[in-house]
Amino acid sequence: MNEDGQMNFGFENPWCPEYLVIISPSNKIKGDVKIMKKMTHSFIGLDKYQLNSIAHITLFNLIDPPLNEKEIFEISENILRNFKNFRVYLKHVEYFNKGKNAQTLVIKIENPEIIKHIHASFLKTQLGLKFKTKTIKPHVTIAKGIPTRDKDKIPQDPFIFNYEADFECDGIVFLRRFVKRHDENEKVIVAKYEIIKEIKF
């Protein structure tokens, strides 16, 4: 798993569902991050996918999981019964290194412990998940894949770099899209992510 919480599976079926499991912030925060993306785009240029991506906190990805959706949702509901609503505090930004030549600009989460606990709870399930690592660093992405040489082109605007906000988390959201895979290095996206399930605590 990488810093975005991605999981790996075998690629037996070349056409397979891919699920993104997230925590969704408030509409106000989504709007603020959209402005940040546009500001960043004006300085270094972002691809259309990044520019239109809606702000979220990634818990993990499921790629062609061994269980059907009904089973996945039942397991997830059982896990989330152990949690209750909590506030998520966002404060300031930082850069993640994406290899030697790229950076990712993210909003930091001041209290990541509960989100990490939710993620860790899925490690103990029957979902058949395979993790590269057993930890995540929850965050909200503004822009990823920024060439290191372009990092200094983004000014230290206080709206971005001193950003503070909070929201109440009351559950998780499952999104799904379909992809064609022949191996782990080849992926053709054939649809956009769509919300298919919201599970409350």
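Which residues are buried in α1?

Mentor: The model is a predicted one, and the description below should be read accordingly. In α1, the buried residues are Ile 29, Asp 32, Val 33, Met 36, Lys 37, Met 39, Thr 40 and Ile 44. Seen down the axis of α1, these buried residues fall within an arc of 165°, so they line one face of the helix. An α-helix has 3.6 residues a turn, so residues three or four places apart point the same way. On the other side of α1, Asn 27, Lys 28, Lys 38 and Ser 42 are exposed.

Just after α1, Gly 45 takes a positive phi of about 80°.

The partners of the buried face come next. The buried residues of α1 pack against α2 (48–52), α5 (158–161) and the strands β3, β4, β5 and β6. Those strands belong to an open sheet of 4 strands, in the order β5-β4-β3-β6, with antiparallel pairing. Its edge strands are β5 (139–147) and β6 (164–169), each of which pairs on one side only. On average, neighbouring strands of the sheet are turned by 30° against each other, direction ignored.

Of the 8 residues of β4, 7 are buried, so the strand is largely enclosed by the rest of the structure. Antiparallel pairing joins β4 to β5 through 6 bridges; Ala 102 stands opposite Pro 147 in β5, and Val 106 has Thr 141 of β5 as its bridge partner. A further 6 bridges join β3 to β4, again antiparallel, with Tyr 95 partnered by Leu 105 in β4. The hairpin of β3 and β4 has 4 residues between the strands, and Gly 99 takes a positive phi near 85° there.

With a relative accessibility of 18%, Asn 111 counts as buried, the cut-off being under 20%. Leaving aside neighbours within four places in sequence, Asn 111 is in contact with Arg 87, Val 88 and Tyr 89. In α4, the buried residues are Ile 115, Ile 118, His 119, Ser 121 and Phe 122. Seen down the axis of α4, they fall within an arc of 155°, so they too line one face of their helix.

Finally, the nonpolar interior may be considered. In soluble globular proteins, nonpolar side chains tend to be buried together. Here the largest nonpolar core has 46 residues, and those with the most contacts inside it are Val 88, Ile 107, Ile 115 and Ile 172. Not counting residues up to four places away in sequence, Ile 172 touches several residues, including Val 21, Ile 23, Leu 59, Leu 80 and Phe 122. A second, separate core of 5 residues includes Leu 20, Ile 22, Val 173 and Tyr 193.

Note on methods
Residues are numbered from 1 along each chain as its sequence is written. This is a predicted model: local features need pLDDT of at least 70, side-chain atom pairs count only at pLDDT 80 or more; totals for chains, interfaces and linings use all residues. Side-chain values use heavy atoms; hydrogens and water are left out. Buried means under 20% relative accessible area, exposed over 50%, partly exposed in between (1.4 Å probe, protein chains only). Contact means heavy atoms within 4.5 Å. Two strands pair if DSSP finds at least two bridges between them. Helices (H or I, at least four residues) and strands (E, at least two) are DSSP runs, numbered from the N terminus. Axes are lines fitted to C-alpha atoms, for helices over the stretch in contact, and angles run from 0 to 180 degrees between N-to-C directions. A nonpolar core is a set of buried Ala, Val, Leu, Ile, Met, Phe, Trp, Tyr and Cys residues joined through side-chain atoms within 4.5 Å. The arc is that of the directions from the helix axis to the C-beta atoms.
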